[in-house]
Amino acid sequence: MRILVTNDDGINAPGLKVLEQIAHDVAGPEGEVWIVAPAFEQSGVGHCISYTHPTMIAKMGTRRFAAEGSPADCVLAGVHDVMKDTPPDLILSGVNRGNNSAENALYSGTLGAAIEGALQGIPSIAISQFLGPANYTADDPFEASAAYGADVVRKILDVAPANDAAYHLFYNVNVPPVLAADVKGIRVATQGLREGTRFSVEPHNSPSGRRFLWARGGNQQVATAPGSDAALNLEGYISVTPMRADFTAHDVLDALKGIE
């Protein structure tokens, strides 16, 4: 198995090292793990690509590359340049520092890489480590991801249905904000919504008088609806959410027929 690994926290992020080990465990001794990750942090860029300017890419080591672009750029670089002669069988993105449950999934560069992988027709899984009081200050906040990540990936690959829809599946995995010993198991989950939790901006004035706005997130320890991702994460479960990049509100199509 050939696995392409990327992230949105950057080539030097500790979570990427965790995902590299997960990928090696999944690929096995005969497999290959290739790294194409952003040269700098790209958190919150979603599925953007560098459409109007080129992406510089540099080899950092054996099967290890840094690209000055987004996570989706890294997938394009990996599939169509770095691994063009032997395309990857699987794309793994993460391990993100912080959850990509609920509405966070819509902003996530970690998910953006998995979306691009799915659009390229390659099985893709994004993994994120939820942070909270139980693990935020731990010596290794990624302990639970390291302990369970490879097993979760293998289980998804074992049961994943065939990608016969126009938009291929990708998977959003969120590891709960606890240490490995306190993980209760794996649950398949819907994407939730933290009611009342939204991004906002916080203004600041520089010494020169210029005004700057810092993006500010909401409380991440808010549970979503029962059975949805963030609720299960806060209960101690690893959530697995199957997703597609089809934004159509299929349940509303019939109601809109009256405009035809």
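**Exercise 1. Describe how helices α2 and α3 pack: at what angle, at what axis distance and through which residues.**

Step 1. In this predicted model, α2 and α3 pack at an angle of about 35 degrees, and their axes are 7 Å apart. Axes are lines fitted to C-alpha atoms, for helices over the stretch in contact, and angles run from 0 to 180 degrees between N-to-C directions. Helices (H or I, at least four residues) and strands (E, at least two) are DSSP runs, numbered from the N terminus.

Step 2. The crossing of α2 past α3 is right-handed. A crossing is right-handed if the near helix is turned clockwise from the far one by less than a right angle, and left-handed if anticlockwise.

Step 3. On the α2 side the contact uses P71, A72, V75 and L76; they meet G109, G112, A113, E116 and G117 of α3. Contact means heavy atoms within 4.5 Å.

Step 4. Sorted by class, this contact of α2 with α3 has five nonpolar, three polar and one charged residues. Ala, Val, Leu, Ile, Met, Phe, Trp, Tyr, Cys and Pro count as nonpolar, Asp, Glu, Lys and Arg as charged, and the others, Gly among them, as polar.

The basis of the values is as follows. Residues are numbered from 1 along each chain as its sequence is written, and side-chain values use heavy atoms, with hydrogens and water left out. As the model is predicted, local features need pLDDT of at least 70 and side-chain atom pairs count only at pLDDT 80 or more, while totals for chains, interfaces and linings use all residues.

**Exercise 2. State how many residues of α2 are buried, and what they pack against.**

Step 1. Helix α2 covers residues 71-82, and nine of its twelve residues are buried, so α2 is largely enclosed by the rest of the structure. Buried means under 20% relative accessible area, exposed over 50%, and partly exposed in between (1.4 Å probe, protein chains only).

Step 2. The buried residues of α2 are P71, A72, D73, C74, V75, A77, G78, V79 and V82.

Step 3. They pack against β1, β2, β3 (57-61), β4 (64-67), β5 and α3 (109-119).

**Exercise 3. Find how many residues of α3 are buried, and what covers them.**

Step 1. Ten of the eleven residues of α3 are buried, and the helix is mostly covered.

Step 2. The buried residues include G109, T110, L111 and E116.

Step 3. The cover over them includes β1, α2, β5, β6, β7 and β11.

**Exercise 4. Work out the geometry and the contact residues of the α1 and α4 pair.**

Step 1. Helix α1 (residues 14-27) packs on helix α4 (residues 143-159) at an angle of about 45 degrees, with the axes 9 Å apart.

Step 2. That angle makes α1 oblique to α4. Angles under 35 degrees count as roughly parallel, over 145 as roughly antiparallel, 65 to 115 as roughly perpendicular and the rest as oblique.

Step 3. α1 passes α4 in a right-handed crossing.

Step 4. V18, I22, D25 and V26 of α1 make the contact with S145, A146, G149, A150, V153, R154 and L157 of α4. By class, there are seven nonpolar, two polar and two charged residues.

**Exercise 5. Identify the largest nonpolar core and the element that gives the most to it.**

Step 1. The largest nonpolar core has 33 residues, and V5, L92 and I125 have the most contacts inside it. A nonpolar core is a set of buried Ala, Val, Leu, Ile, Met, Phe, Trp, Tyr and Cys residues joined through side-chain atoms within 4.5 Å.

Step 2. Elements that give two or more residues to this core include β1 (2-6), β5 (90-97), β6 (124-129) and α4. α1 gives the most, with seven residues.

Step 3. V5 touches L16, L19, A23, V33, W34, I35, V36 and L92, not counting residues up to four places away in sequence.

**Exercise 6. Locate the backbone features at G94, R63 and A102.**

Step 1. G94 and V95 are joined by a cis peptide bond with omega about -15 degrees; V95 lies in strand β5.

Step 2. R63, though not a glycine, has a positive phi of about 55 degrees. R63 sits in the loop between β3 and β4 and is partly exposed, at 30% relative accessibility.

Step 3. A102 is not a glycine either, and has a positive phi of about 50 degrees. A102 lies in the loop between β5 and α3 and is buried, with a relative accessible area of 0%.
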